[in-house]
Structure formats: C-alpha cells, structure tokens
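Visitor: Could you walk me through how the two chains meet?
Guide: Gladly; here is the model.
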Amino acid sequence: MCEKSSVVKDLNVEFEGVFSMKGLYKLIDDYFDRLGYDKKEKKTFEAQKKDGKYMEIELEYSFKLNDYTKAIHEVKLKGTGLRQVDIKRGDRKVRMNKGKLKVSTGAKIETDTSSKWEGKPVYYFLRTLWNKYVWSNMSKSFEKEIKGTANHLVAEVKAYLNLGKY
Amino acid sequence: MGDITVEVGSVKYRGTMDVNNVISAVESWLKDHDYSVSETKRSHKSDEREIKLEADKKIHEYVKVEAVVELKFRDLQDVELLRHGQKVRVQDGYCDIFIEGTVKLDPYKRFKGSDFLQKLGDFVNDYILKKDINNTWKNKHYYELLDLHKTVKGVLEFETPVSAK
C-alpha cells in the first residue's frame, strides 16, 4: 500500500447567487488539464427536487511528480436549489444557474505509488530510513508546489464567482 | 502483467428522463466508436429496467480494449411533460450507470502454452511495451470512455456535460 499524507485540507468556497455550473466545472477541468494532471470523476450525482436541482460531483486529479511520488488534488462541488435562469449579455441570452454552491478542495501527496518498497521487511526498513533522512527534505519543495496549485485554484474559483481578486 | 482495468466511474441521477433514449445513446456511442456490442443482460420488471452492454474493439494483434456499461433504472413512473409546446412521455425515477474498461494484452494467447512463451510475454509487457501500455493504450482507453461518461451526462441533461479533454 502506498502512503498518503495530507498537504492541504478543506479549502472551502461557498456562494449563493447566479453562476454557471458548466462554466465552473470547465474552469476547474481546464486548470488541471493545463498542468498535465490526470482526471477521475469519482462521483457524479444529480437529482431534481422541488426546490431545484441538487448535485454532487467529486473529482480527483493526479500528477506523477516522479517514479516515487504523486500529487493528488480532490475537488468536491455541491450545488443545492439550483434553477436555470436566462441572463441577457449584450444581445444574447446566456443560460446560468441560480442557487447555492459549495466548492471544497484538498490535496495530498502519495509516496511509493507502485508499492515497490513493501515486498520485503528490509525494503520497508530502507524506505523508513529514506523517508526520515532524505525524503523529508525533498518533500518540502513538492508540498510547496502542491499548496501553490491548490491555492491558485481556489483563487481562480473565487475570481470566477466574483468573490475576490488575486 | 495481465488485463489492465480502467475505472471510469458512475453516473447517478434522480429525476425525469427518457429511458429508451439513454440506452440508445450508450449503444450508438459504442457503435460510433467502432466497438462490437453485445447485450449480456436485459431485465424489465414492473418499475425496474436493467441492461448490461459488453463491447470490445481490436486495437491491433496484441491489444484489445473492452468496455462494460451497466444501466440500472428503478422506481420508474411514466409522466408527461410539455417540451417546446409538445407533450412528451418520459419516465421519472432513479438511474445508475456504471462504466468500466479493460485493456486486454495478448487476446489471442500467442504468449501462452509454454513456460518460455509465458516468460517472453512477461518480458515484452514489463520492459518493451511498458510505456506504450500505460501511457498510450490505458490512457487512450480511459479518456475515450470518459467521453462516453460525458455523453451520458449530456443525455440526462446534467449541468456539467463538459470536459477539458
């Protein structure tokens, strides 16, 4: 089994108003695609309710930093009471959503991704030494990079929702 | 290295939908992408429908890709909706769609039969074709099936039928 350690926990953005869910999803997907991440849509759920649509999406983006390490970003989108509204932009109508939105992101770092250092007790021992004396210094630069990516994503989401400028 | 499983994920939905349209959209997507499709399960109870589609496509002599799509509908009720001024009969209920893929190496078992051939096959997979298997065929198959995932979301009128790739 590979080892996972959390780098960024629960960076949340909450919003209520008019926004485009399609646009927001595309923004997040494009952001990680530009950085070369692989995508996995772990959960996709939508339900029509009396007070509007309810939706939950869980996305996982992963990137192999080297043969030993992988960066994983998790993004959860939750929409409640979503209704479609048409907004006039210039001469044309644009379809948007009105409702509540919560975006949660988190990131972790996965080591020994192919579980090569667990086959024998001596490998496990060597890995422990490696992690303690060599890897702990190397991992800081990776953690910094992952934190930067997560914070930049949150800033982009906020900017998209007109919540703040960066 | 045997078969490589490619997990794409599931789509869950609760609301109104045209069940036949969803099934035919999946079938036609598979056919349009050159898969040979066989329906391995079809059950139709009072308010439930279950369909399992198995499809495969030959990439070349050494690689074949497979896709399994399971469509489960439950608590279905016929309802009539007004769409663009016309009455349309659709169904209201739950829908679960599971998509999974497999990359099959050596589908014609050319490296089977003796220990020597088996070891030669392992060598080819682990050293010569390792990058092709992981970076080309596995990823290509995954992103192809992700397009099916996107198509299903589009048919069910999800808010997010988009993808960067």
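Guide: Contact here means heavy atoms within 4.5 Å. By that rule, the contact takes 22 residues from chain A and 23 residues from chain B. This is a predicted model, in which local features need pLDDT of at least 70 and side-chain atom pairs count only at pLDDT 80 or more, while totals for chains, interfaces and linings use all residues. Residues are numbered from 1 along each chain as its sequence is written, chains are lettered from A and ligands numbered from 1 in the order written, and side-chain values use heavy atoms, leaving out hydrogens and water.

Visitor: How much area is buried between chain B and chain A?
Guide: About 2100 Å², with carbon and sulfur atoms giving 49%, where buried area is the accessible area (1.4 Å probe) that two parts lose on being put together, summed over both.

Visitor: And how many salt bridges across the interface?
Guide: The rule, a side-chain nitrogen of Lys or Arg within 4 Å of a carboxyl oxygen of Asp or Glu, finds three between chain B and chain A. One of them pairs Lys40(A) with Glu7(B), whose closest N and O atoms are 4.0 Å apart.

Visitor: Switching topic, which strand of chain A is joined to E1(B)?
Guide: Strand E2 of chain A, residues 38–49, runs parallel to E1(B) and is joined to that strand by three bridges; strands (E, at least two residues) are DSSP runs, numbered from the N terminus, and two of them pair if DSSP finds at least two bridges between them.

Visitor: What stands opposite Tyr13(B) there?
Guide: Opposite Tyr13(B), in E1(B), stands Glu46(A).

Terms used: Helices (H or I, at least four residues) and strands (E, at least two) are DSSP runs, numbered from the N terminus.
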